[in-house]
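Me: I have a structure open and a list of terms that I want to understand. Can we go through them one by one?

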Amino acid sequence: AANLFYQKGFHETSLGMIASAAFSSRAAVSYHFKNKHLLMDEIFARTLEQYERKFSIQLPDCEQKSKAVINSYVYWYLICGDKKYRRMFFQWGSKIDNRWHTGYEQQYNHTLKHVQDSYFACEFSDIDNGCWDTLARGHMAYLKSLIGSVPFQRLAEYDFLWDVRWHYGDCSEWREPILQARKLLEQIQIAELASALWPPVPENA
């Protein structure tokens, strides 16, 4: 399933195709995973043990908050550096922008304003502050539009603050963990962590 999602794209891969590649039936796959999003969630979950092991070797004493920020760095390193992974990730994450159309307008706007204020208050000013109209039409679409013009670290920081604000209501306490994570980023082998986070694809896939 991981290879199919990667090679063909998330939307283009069906449960039937996954079943065929696994020499199984669609009914058997559907019994364990009702939809592709659940299957993708499981793929990521199964890589976490290897990822956690490599992370603990590289930064054994890393604080949990700084670690959470570095995890976001690793995801965005993959997204910005690998076009196939990027396509798959944004297709999989498209449900995030659907919130804009399903009754979350007020929460979305509050999140938008708070993260805007917090991000620039923390001197994270690499993202053009004239693009908020684009962001209001879709968080993920906005970030995707910035790939190639903004360093992956800054996209990671912004995306992280957005997520914190959306789920927990406040991200003002994350200034120091982010600044610490920036320093720690210089010490880690991010390519190695990224390869642990996403299953490697065979050369002949």
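Reply: We will take the terms in turn, keeping in mind that this is a predicted model.

Me: Why are helices α5 and α6 called roughly perpendicular?
Reply: Look at the angle. The axes of α5 (residues 64-81) and α6 (residues 83-92) cross at roughly 115 degrees. Angles of 65 to 115 degrees count as roughly perpendicular. The two helices therefore get that label. Their axes come within 5 Å.

Me: Which residues make the contact between α5 and α6?
Reply: From α5 come Y75, W76, L78, I79, C80 and G81. From α6 come K83, Y85, R86, F89 and F90.

Me: How do you know whether Y6 is buried or exposed?
Reply: Compare its relative accessibility with the cut-off. Y6 has 12%. Buried means under 20%, so Y6 counts as buried. Y6 sits in helix α1 (residues 2-8).

Me: Why is the pair R46 and E42 called a salt bridge?
Reply: The N to O distance is 2.8 Å. The limit is 4 Å, so the pair qualifies as a salt bridge. Both residues lie in helix α4 (residues 36-58), four residues apart, about one turn of the helix.

Me: Why does the pair E173 and K65 tie together separate parts of the sequence?
Reply: Their closest N and O atoms are 2.4 Å apart, and they form a salt bridge. E173 lies in the loop between α11 and α12, and K65 in helix α5, so the pair joins parts 108 residues apart in sequence.

Me: How do you know whether E157 is buried or exposed?
Reply: Its relative accessibility is 0%. That is under 20%, so E157 counts as buried. E157 meets R182 in a salt bridge of 2.8 Å, N to O. R182 is in helix α12 and E157 in helix α11. Salt bridges with shared partners join R154, E157 and R182 into one network.

Definitions and conventions: Residues are numbered from 1 along each chain as its sequence is written. This is a predicted model: local features need pLDDT of at least 70, side-chain atom pairs count only at pLDDT 80 or more; totals for chains, interfaces and linings use all residues. Side-chain values use heavy atoms; hydrogens and water are left out. Axes are lines fitted to C-alpha atoms, for helices over the stretch in contact, and angles run from 0 to 180 degrees between N-to-C directions. Angles under 35 degrees count as roughly parallel, over 145 as roughly antiparallel, 65 to 115 as roughly perpendicular and the rest as oblique. Contact means heavy atoms within 4.5 Å. Buried means under 20% relative accessible area, exposed over 50%, partly exposed in between (1.4 Å probe, protein chains only). A salt bridge is a side-chain nitrogen of Lys or Arg within 4 Å of a carboxyl oxygen of Asp or Glu.
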